[in-house]
Amino acid sequence: MPEQQPQALSRLVVCIRNDDAEDLVLRRIYLAHPDKAAEVAGLRRVIDDSGEDYLYPSDFFVDLHLEPGLEQRLLQTA
């Protein structure tokens with residue numbers, strides 16, 4: 001049986017910049033979806049305050065590093 005590759009997971013990120021991005025609030029936590037093509041281009045796919053996912057510059061965000069149990073609970077409520 002072939003070994004399964006780990007699936008890329010959504011991550012919690014914190015907004016640290018929002019230059020000309022009306023749907024982002026500084027210091028707010030957002031959900032970022034994996035998008036390899038966007039990452040290569042220096043972008044992150046993030047669900048913003050409009051409720052839609054859009055591409056934003058990666059340097060607008062930092063990853064939140066939480067205890068696994070807490071992160072899972074937060075992701076379940078997102």
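Two strands count as paired when DSSP finds at least two bridges between them, and that is the idea to keep in hand while selecting the first stop of this tour through a predicted model.

**First stop: a pair of strands**

Select residues 11–15, which form strand β1, together with residues 29–33, which form strand β2; the two run antiparallel and are joined by 4 bridges.

**The nonpolar core**

Next, show the side chains of Val-13, Cys-15, Ala-21, Leu-24, Tyr-30, Ala-32, Val-46, Tyr-56, Phe-60 and Phe-61, the 10 residues that make up the largest nonpolar core. Strands β1 and β2 each supply at least two residues of this core.

**Salt bridges**

Side chains of opposite charge can pair when their charged atoms come close, and in this model the count comes to 6 salt bridges. Select Arg-17 and Asp-59, whose side chains meet in one of them, with 2.9 Å from N to O. Arg-17 lies in the loop between β1 and β2 while Asp-59 lies in the loop between β4 and β5, so this pair ties together parts that are 42 residues apart in sequence. Arg-17 is partly exposed, with a relative accessible area of 33%, and Asp-59 is also counted as partly exposed, at 42% relative accessibility.

Move on to Asp-49 and Arg-28, where the side chains meet in a salt bridge with 2.8 Å from N to O. Asp-49 sits in the loop between β3 (43–47) and β4, and Arg-28 in the loop between β1 and β2, so that this pair links distant parts of the chain, 21 residues apart. Asp-49 is partly exposed at 37% relative accessibility, and Arg-28 is partly exposed with a relative accessible area of 37%.

Then select Asp-35 and Arg-45, a salt bridge in which the closest N and O atoms are 2.8 Å apart. Asp-35 belongs to the loop between β2 and α1 (36–40), whereas Arg-45 belongs to strand β3, 10 residues apart in the chain. Is Asp-35 buried or exposed? At 17% relative accessibility, Asp-35 counts as buried, whereas Arg-45 is partly exposed with a relative accessible area of 24%.

**Last stop: the confidence of the model**

Colour the chain by pLDDT, which averages 85, with 88% of the residues scoring at least 70. Over residues 1–7 the pLDDT is below 50, and beyond near neighbours in sequence this stretch has 0 contacts in the model. Where pLDDT is low, the predicted coordinates should not be read in detail.

Terms used
Residues are numbered from 1 along each chain as its sequence is written. This is a predicted model: local features need pLDDT of at least 70, side-chain atom pairs count only at pLDDT 80 or more; totals for chains, interfaces and linings use all residues. Side-chain values use heavy atoms; hydrogens and water are left out. pLDDT is the predictor's confidence in each residue, from 0 to 100. Contact means heavy atoms within 4.5 Å. A nonpolar core is a set of buried Ala, Val, Leu, Ile, Met, Phe, Trp, Tyr and Cys residues joined through side-chain atoms within 4.5 Å. Buried means under 20% relative accessible area, exposed over 50%, partly exposed in between (1.4 Å probe, protein chains only). A salt bridge is a side-chain nitrogen of Lys or Arg within 4 Å of a carboxyl oxygen of Asp or Glu.
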